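Me: I am new to this structure and would like to learn how to read its features. Could we go through them step by step?

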Amino acid sequence: KIVIANRGEIAIRIARSAADLGIRSHAVYSEDDRDSDHTRKSDQAHALRGQGPAAYLDATQIIRVAREAGCDAIHPGYGFLSENADFARQCAEASIRFVGPSPKALDIFGDKAKARRLATRCEVPILPGTDGATTLAQAQSFLRSIGPAGGLMIKAIAGGGGRGMRPVRDPQELESAFERCRSEALQAFGSGEVYVEKLLSPARHIEVQVIGDGSGEVTHLWERECSLQRNRQKLVEIAPAPGLPRPLRDALIEAALRMARTVKLGSLATFEFLVGPSGKNAVEFAFIEANPRLQVEHTVTEEVTGIDLVRVQLELADGKSLKDLGLPTSRIPAPRGMAMQLRVNAESMSPDGMVRPAAGVLEAFDPPSGPGVRVDTCGHGGFRSNPRFDSLLAKVIVHGRDRAEALARMGQALDSFILEGVTTTIPFLSRVIRSPAFVSGKIDTRFLERESHLLTPDK
């Protein structure tokens, strides 16, 4: 029996894989999340004291639920407690298995400064930056050292998901951006510590999916393209990364495996890299962070490999090895075709790309289906969106024999998605995937800066 220490679509996703393995799932919910679908898609649901994210971050309450329900393990999903080393230790002290990497690995990868140091020890390229928690004065000094043509990225040391991150190209903007990042990081992760690194932009954002069994044996399930972002939030994910040269793909995978092997990774981790234009004096790739958990975009890897990543997590937590699971590197299946995921959020957008959570009740909700179409969602008719939580409403995933078929299926899926009562990003996403620049594959981290007309409907 497991407690799923999360909510929404990912809690439902975990419950389904648990059911496939004959594992009973126990959901938890905050006082203001009682009617969410995940409470009905698990075998049993338990109330937490408190409202909003704070309830899902209450490690003591969640462990109490697990012990009282006689559960063997806790799956944290993504976000909330998924990268919290102290929570993993508390689980171990309570004789409950944490479905994820060891506390030691979480300590390293949950702290981006420590992860950068690990990359250096493993001879994996990183971008120039400060070492550890950084003051405003140190950030100002670093920006001056880069020179007038450079820029930097401020990043929260803890957490991820684009929160606590901002690029700075103008020295006059540094102080305000620095304080905003600190404030956002403190609110999201409980720590306001940040560091800075040289800005590599434009670039491609490529991540490698790695699996380990805790013994030092590690393997991979290829890479994903996550370059199309809005305010450092990923919008479109593709597997495998289109047009990535084989030598570069091999180098990224080997760098990720080297780091994972060094920490004896157990469970899943995603290693993220920026890939710059190759050429004289240019950075070909640089490690930026590792996420020691299940990723939002894990679905595209599942579609091109046929491997259920949540099931893999649960079986590894049950003591199985990579060999037991038939997952040595020599036997990893080559990616089949191409998969693409779009995130449908309940939110409204202003012409400058700023977003606000959209409140309301889903009067109609009929997601697309058909060959090569998958929707992971927590939505249903009568669902009331809660602005206290992340605005993700559904993930639309398609799989095709090639990029053209995947694009065609995604267009059809968005067109047939019936959703009324709440403003969503579906019209925006439809414009993006049909834009000439996207169709031609010209994607990098500054895509929406160049294609800003996509942020608003045609006149």
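Reply: We can start with a salt bridge. The model is a predicted one. In it, the side chains of Glu254 and Arg258 meet in a salt bridge, with 3.6 Å from N to O.

Me: Where do Glu254 and Arg258 lie?

Reply: Both are in helix α9, four residues apart, which is about one turn of the helix.

Me: How is the exposure of Glu254 to be read?

Reply: Buried means under 20% relative accessible area and exposed means over 50%, with partly exposed in between. Glu254 has 34% relative accessibility, so it counts as partly exposed. Arg258, at 28%, is partly exposed as well.

Me: How many salt bridges does the count come to?

Reply: The count comes to 39. One of them joins Arg409 and Glu405, whose closest N and O atoms are 3.8 Å apart. Arg409 and Glu405 are four residues apart in helix α12 (residues 403–416), so about one helical turn separates them. Glu405 is buried, with a relative accessible area of 17%, whereas Arg409 is partly exposed at 22%.

Me: Which residues are linked in a network of salt bridges?

Reply: The network links Glu207, Arg224, Lys234, Glu237, Glu272, Glu297 and Arg343.

Me: Next, aromatic rings. How many aromatic pairs does a search of the whole structure find?

Reply: The search finds seven. In one of them, Tyr56 and Phe80 are stacked, with 5.1 Å centre to centre and 15 degrees between the planes. This pair links distant parts of the chain, as Tyr56 is in helix α2 (residues 53–56) and Phe80 is in the loop between β4 and α4, 24 residues apart. Tyr56 is buried, with a relative accessible area of 0%. For a contrast in ring angle, take Phe273 and Phe285: their ring centres are 5.8 Å apart and their planes stand at 80 degrees, so this pair is edge-to-face. Phe273 belongs to strand β14 (residues 266–275) and Phe285 to strand β15 (residues 285–291), so the pair ties together parts that are 12 residues apart in sequence. Phe273 and Phe285 are both buried.

Me: What does Phe80 touch, not counting residues up to four places away in sequence?

Reply: Phe80 touches Ala5, Asn6, Arg7, Pro53, Tyr56, Leu57 and Phe389. Phe80 itself is partly exposed, with a relative accessible area of 27%. Ring pairs also link Tyr56, Phe80 and Phe389 into a cluster.

Me: Which residue lies over the face of Phe389?

Reply: Arg7 does, at 4.0 Å from the ring centre. A further case is Arg403, whose charged end sits over the ring of Phe438, 5.3 Å from its centre.

Me: What about nonpolar cores? Which residues touch the most other members of the largest one?

Reply: The general idea comes first. In soluble globular proteins, nonpolar side chains tend to be buried together. Here the largest nonpolar core has 58 residues, and Phe109, Phe271 and Phe273 touch the most other members. Helix α9 (residues 246–262) gives the most to this core, with eight residues. Apart from it lies another core, of 40 residues, including Ala394, Ala413, Phe447 and Leu448.

Me: What is Phe109 in contact with, leaving aside its neighbours within four places in sequence?

Reply: Phe109 is in contact with Glu83, Ala115, Leu118, Met259, Val263, Phe271, Ala290 and Pro292.

Me: What is found at the start of α6, and what follows α6?

Reply: At the start, a side-chain oxygen of Asp111 reaches to within 2.9 Å of the backbone nitrogen of Ala113. After α6 comes Glu123, which has a positive phi, near 60 degrees.

Conventions: Residues are numbered from 1 along each chain as its sequence is written. This is a predicted model: local features need pLDDT of at least 70, side-chain atom pairs count only at pLDDT 80 or more; totals for chains, interfaces and linings use all residues. Side-chain values use heavy atoms; hydrogens and water are left out. Buried means under 20% relative accessible area, exposed over 50%, partly exposed in between (1.4 Å probe, protein chains only). Contact means heavy atoms within 4.5 Å. Rings of Phe, Tyr and Trp (its six-membered ring) pair if their centres lie within 6.5 Å; planes under 30 degrees apart count as stacked, over 60 as edge-to-face and the rest as tilted. Helices (H or I, at least four residues) and strands (E, at least two) are DSSP runs, numbered from the N terminus. A charge sits over a ring if NZ of Lys or CZ of Arg is within 6 Å of the ring centre and within 35 degrees of the ring normal. A nonpolar core is a set of buried Ala, Val, Leu, Ile, Met, Phe, Trp, Tyr and Cys residues joined through side-chain atoms within 4.5 Å. A polar contact is a pair of N or O atoms within 3.5 Å; within protein, one must be able to donate a hydrogen and the other to accept it, and residues adjacent in sequence count only if both atoms are side-chain atoms. A salt bridge is a side-chain nitrogen of Lys or Arg within 4 Å of a carboxyl oxygen of Asp or Glu.
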